[in-house]
Amino acid sequence: MRKGSGAIIICDAWYGFPTQKRPRRERILAVSKQIHNFLRWRGDHVNVNEKNLMYGVSTVLVIGKDGDVQAIRQRVEELLDKDAKTDNGNDCHCDCDCDCEMECIYLPGVQLEDLSKDLLASETTAGKEEIIAYLSPDATEQIKASEAPPRIVVVGMLVDRKVQPNRSKIRAQSLNQQSPSVHDDESSTHIRDVAIIPMQLPLDVLNVSDVSTDEPLNIDTVMELMERWWMNIKLKNGDSESKRKLLFRDAAARALLTHRQRHPNRTIHGGASESNK
């Protein structure tokens with residue numbers, strides 16, 4: 001697992017899946033498809049060999065109960081294998097020589113509290129107060145588009161047909177109450193808390209009437225938005241608040257456009273046009 005300054009998306013599947021066979025299968029398929037959609041998009045659109053871009057590609061970690069994570073992994077790999085056959089047998093959809101950077105790291109049984117402590121206990125974060133943003137449309141605090149995005153975000157693996165408000169917010173709040181503290185390094189006496197904060201994406205920056213800040217976006221849309229945002233910050237000139245807002249707006253609009261193209265009959269998410277491609 002890569003530590004340090006690289007961006008990280010944590011896919012939190014600790015909400016669990018139904019125990020009944022059919023509902024469980026449907027939920028696993030839905031979550032797996034969302035993760036696959038993102039991996040497929042990234043493989044098709046991100047050239048990790050491009051100068052300076054390698055460090056803009058996030059690490060994707062999937063956590064949850066042992067059986068749930070294993071089921072997600074099996075299904076995602078089946079979908080990627082199917083893609084590979086369609087793509088002339090090339091397992092990797094980018095131009096790199098390795099296949100690990102573009103896919104997932106599966107961590108069955110790993111708790112988010114413990115993972116958070118491990119991710120933040122690294123030399124590159126020494127002396128810095130860093131939060132982990134648990135993305136939630138119901139959060140009362142919002143990420144600032146005028147600043148650099150958080151390095152680590154958590155995306156809840158929620159794919160309910162009917163949106164259940166506050167689930168991700170409550171999950172994040174409960175985690176923050178029991179989050180551990182970490183030393184900056186093994187020899188340091190400085191202890192800092194690991195803060196897991198529920199936060200909204202600043203979708204109001206888009207200034208689009210049919211997209212509000214509490215819009216419950218699809219998992220794949222959120223993951224693509226964050227990847228694009230990190231890459232924009234890495235590769236483009238975001239040396240002012242106004243420019244950083246534009247970089248977020250660009251990332252969000254393009255991710256929402258991907259959603260519209262993927263689901264042409266479900267265009268509840270607006271914010272992008274064909275001219276933004």
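I started with leucine 29, which is partly exposed at 27% relative accessibility. The model I am reading is a predicted one. Leucine 29 sits in helix α1, residues 21-45. I then checked its separation from isoleucine 72, which is 43 residues away along the chain. The C-alpha atoms of leucine 29 and isoleucine 72 are 7.6 Å apart.

**Salt bridges**

How many salt bridges are there in the whole structure? My search returned 14. I looked at several of them in turn.

I opened the pair aspartate 220 and arginine 262. Their side chains form a salt bridge, with 3.0 Å from N to O. This pair ties together distant parts of the chain, 42 residues apart. Aspartate 220 lies in helix α5 (residues 219-235), and arginine 262 lies in helix α6 (residues 241-262). Buried or exposed, I asked of aspartate 220? I noted 1% relative accessibility, so aspartate 220 is buried. Arginine 262 comes out at 26%, so I logged it as partly exposed.

Next I took arginine 228 and glutamate 224. Their side chains meet in a salt bridge at 2.7 Å, N to O. Both residues are in helix α5. I put about one helical turn between arginine 228 and glutamate 224, because they are 4 residues apart in that helix. Arginine 228 has a relative accessible area of 17%. The cut-off for buried is under 20%, so arginine 228 is buried. Glutamate 224 is buried as well, at 1% relative accessibility.

Then I turned to lysine 236 and aspartate 250. They form a salt bridge whose closest N and O atoms are 4.0 Å apart. This pair also links distant parts of the chain, 14 residues apart. I placed lysine 236 in the loop between α5 and α6, and aspartate 250 in helix α6. Lysine 236 is partly exposed, with a relative accessible area of 42%.

I also looked for shared partners.

**Helix α3**

Which residues of helix α3 are buried? In this helix, residues 112-120, I listed Leu112, Glu113, Leu115, Ser116, Leu119 and Leu120. I then looked down the axis of α3. The buried residues fall within an arc of 165°, so they line one face of the helix.

Notes:
Residues numbered from 1 in each chain as written. Predicted model: local features only at pLDDT ≥ 70, side-chain atom pairs only at ≥ 80, totals over all residues. Heavy atoms only, no water. Helix = DSSP H or I, 4+ residues; strand = E, 2+ residues; numbered from the N terminus. Buried < 20%, exposed > 50% of the residue type's maximum accessible area, 1.4 Å probe, protein only. Arc of directions from axis to C-beta.
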